[in-house]
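The sequence and the structure come first, and the description follows.

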Amino acid sequence: MTLPEVASRPLPPPTAVDDLRLEVRGPVLAAGDEGLAAEVATWNTAITHTPAVAVGAVCAADVVAAVRFATAHGLPVAVQATGHGPVRNADGAVLVTTSRMQGVRVDPERRTARVEAGVKWATVLAAAAPHGLVGLCGSSSDVGVVGYTLGGGIGPLGRRFGAAADSVLEIEMVTADGELRTVTAESDPELFWAVRGGKGSFGIVTALEFRLYAVPALVGGGLFFAGRDAASVLHAFRTWAPTLPEEASTSVAVLRLPPLEFLPPPLRGQTVVHLRFLYAGDDPAAAAALVEPMRGTGEVLLGGIEPLPPTALDAVHMDPTDPMPGWEKGVLLSDLTEETVDALLAAAGPQVEVPLAMVEVRQLGGALGRPGEAPSAVSGRGAPWSAFVIGPMVPGLTEVVPMVGRGVLAALGPWTAPGALLNFVGDVDGPAGVLAAWDAETGERLLAVKRAVDPGDVFSGGHALRGGSGA
């Protein structure tokens, strides 16, 4: 990734680390300790963390102790739950891992859930389903709730119910002063606004409470079309998707699949077009009619659209579950015209040899384009579409993939909209690239909150804003 690496800092004295071990219930591992690499391992294996100290938090008190230790020794703080979202090495930092914080409580009467920092969406969906409720998860239930939600949370239920960040009711977090706070729209409206959409810039979130939703019917899945039919499928998609009601969401992706045995034979080693679709509404019979116009746009190799329980929402996108090294970047699109599709196909269609695993176009709009009940800093609301590319960072391709990926997105430049979805911004050139996810007014407001709660830029990992530098 091209975010600058954090310069190595002097390690804290061993006696101080020993004192931290006495204070923290979870494991504390310093540079050179056996087990450190496993503790800080990422899902995106393109990033290898080399922190000064890793704290395996089991409770909010552990997070408080870790932050106070870091500030006492002049070290930055980073946080990791599932390891899906790292963008650079947390070199020389105190890295707090929250995967052991697994508390989940569903209140079916209030239709809410409270989850601790390490919980994945799969756990929430399983806990809510017996009550006929569902949370606003993303394309993969293997992703952590907190990072996904506070980065905006743009998932397959979003056109119906909005961004996941807008459903947050209460945030428990540790700020740079080492204090554990409970933040709500009433207690601290400005911080509450900023964290919901600003992600990890303001502290470490130890728990979230958010709304759940009752959905009469979920019908969805995907259709894999032969790559040779990419042009007809994508051109049909650009005119079909805008006709869908807000109860339906969709995306389409050109996938270059590896020749691996775990893949079904029709897809193994093939370039295909994957149409994703989910209907969340009152009339399940309507779903089949909605997707029918797309079925005849190309040869369907595999797939289907069918009723889904909330615990099976992964069937829509079918994201990979095994760790892998990847590079990614996304942009917003102001329009999806005939010329846009032609430009995408010319840059990354099946006839082009590019080292990209996926080039996706996702429909936004609907409730995603409207502010929630309590205003939030969720970025990218005004755009109707997004484009996103992923490539494998394997030996021989580590320099090529970012160049090609940026080139594909550059081909969409005439239709690129300002801003970005924070969870999809991917590779950026530095803090200014992160700030560009928002318009200037919102960015200045976020920086003001950052300077108020983290004036020393203690939280500088990932896509954190830098208040001290003003960018």
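Strand E8 and strand E9 (residues 180-183) pair in the antiparallel sense, with 4 bridges between them. The model is a predicted one, and the elements and values below are computed from it. In the hairpin of E8 and E9, 5 residues lie between the strands, and Gly 178 takes a positive phi near 75°. Glu 172 has Thr 182 as its bridge partner in E9, and Ile 171 has Val 183 as its bridge partner in E9. Ile 171 also has a bridge partner in E10, namely Leu 208. E8 and strand E10 (residues 204-211) run antiparallel and are joined by 6 bridges. Of the 7 residues of E8 (residues 168-174), 5 are buried, so the strand is largely enclosed by the rest of the structure.

**The eight-stranded sheet**

An open sheet is formed by 8 strands with antiparallel pairing, in the order E15-E12-E14-E13-E17-E18-E16-E19. Which strands stand at its edges? They are strand E15 (300-307) and strand E19 (416-417); each has a single partner strand, so one side of each is left without a neighbour in the sheet.

Strand E18 (residues 385-392) has 6 of its 8 residues buried, so E18 is largely enclosed by the rest of the structure. In the sheet order, E18 stands between E17 and E16. E18 pairs with E17 in the antiparallel sense over 6 bridges, and with strand E16 (residues 326-333), also in the antiparallel sense, over 8 bridges. The table gives residues that stand opposite each other in these pairings.

| Residue | Opposite residue in E18 |
|---|---|
| Glu 328 | Ile 390 |
| Lys 329 | Val 389 |
| Gln 363 | Trp 385 |

**Helices on the sheet**

H8 touches strand E12 (217-226), E13, E14, E17 and E18, and the direction of H8 makes about 160° with that of E13. Helix H12 (residues 400-411) touches E16, E17, E18 and E19, and the direction of H12 makes about 10° with that of E16.

The axes of helix H8 (residues 230-240) and helix H9 (residues 284-295) are 9 Å apart, at an angle of about 145°. On the H8 side the contact is made by Val 233, Ala 236, Phe 237 and Trp 240, and on the H9 side by Leu 290, Val 291, Pro 293 and Met 294. By class, the residues of this contact are 8 nonpolar, with no polar and no charged. As background to the spacing of contact positions along a helix, an α-helix has 3.6 residues a turn, so residues three or four places apart point the same way.

In helix H11 (residues 338-348), the buried residues are Thr 340, Val 341, Ala 343, Leu 344, Leu 345, Ala 347 and Ala 348. Their cover includes H8, E13, E17 and H12.

**Cavities and a pocket**

How many cavities of 30 Å³ or more are there? The count is 7. The largest cavity has a volume of about 100 Å³. Its lining has 16 residues, and those nearest its centre are Gly 155, Pro 156, Ser 249, Thr 250 and Arg 362. Strand E13 (248-256), strand E14 (271-281), helix H10 (314-317) and strand E17 (358-363) each give two or more residues to the lining of the largest cavity. By class, that lining consists of 7 nonpolar, 6 polar and 3 charged residues.

The second largest pocket holds about 210 Å³ of space. It is lined by 15 residues, with Val 378, Ser 379, Gly 380, Asp 439 and Thr 442 closest to its centre. The lining of the second largest pocket divides into 8 nonpolar, 5 polar and 2 charged residues.

Methods: Residues numbered from 1 in each chain as written. Predicted model: local features only at pLDDT ≥ 70, side-chain atom pairs only at ≥ 80, totals over all residues. Heavy atoms only, no water. 1 Å grid on protein atoms, 1.4 Å probe; cavity = no way out; pocket = protein on both sides within 12 Å on 5 of 7 lines; lining within 4 Å. Points joined across faces, edges and corners; volume = space filled by probe spheres on them. Nonpolar A, V, L, I, M, F, W, Y, C, P; charged D, E, K, R; others polar. Buried < 20%, exposed > 50% of the residue type's maximum accessible area, 1.4 Å probe, protein only. Pairing = 2+ DSSP bridges. Axes fitted to C-alpha atoms, helices over the stretch in contact; angles between N-to-C directions. Contact = heavy atoms within 4.5 Å.
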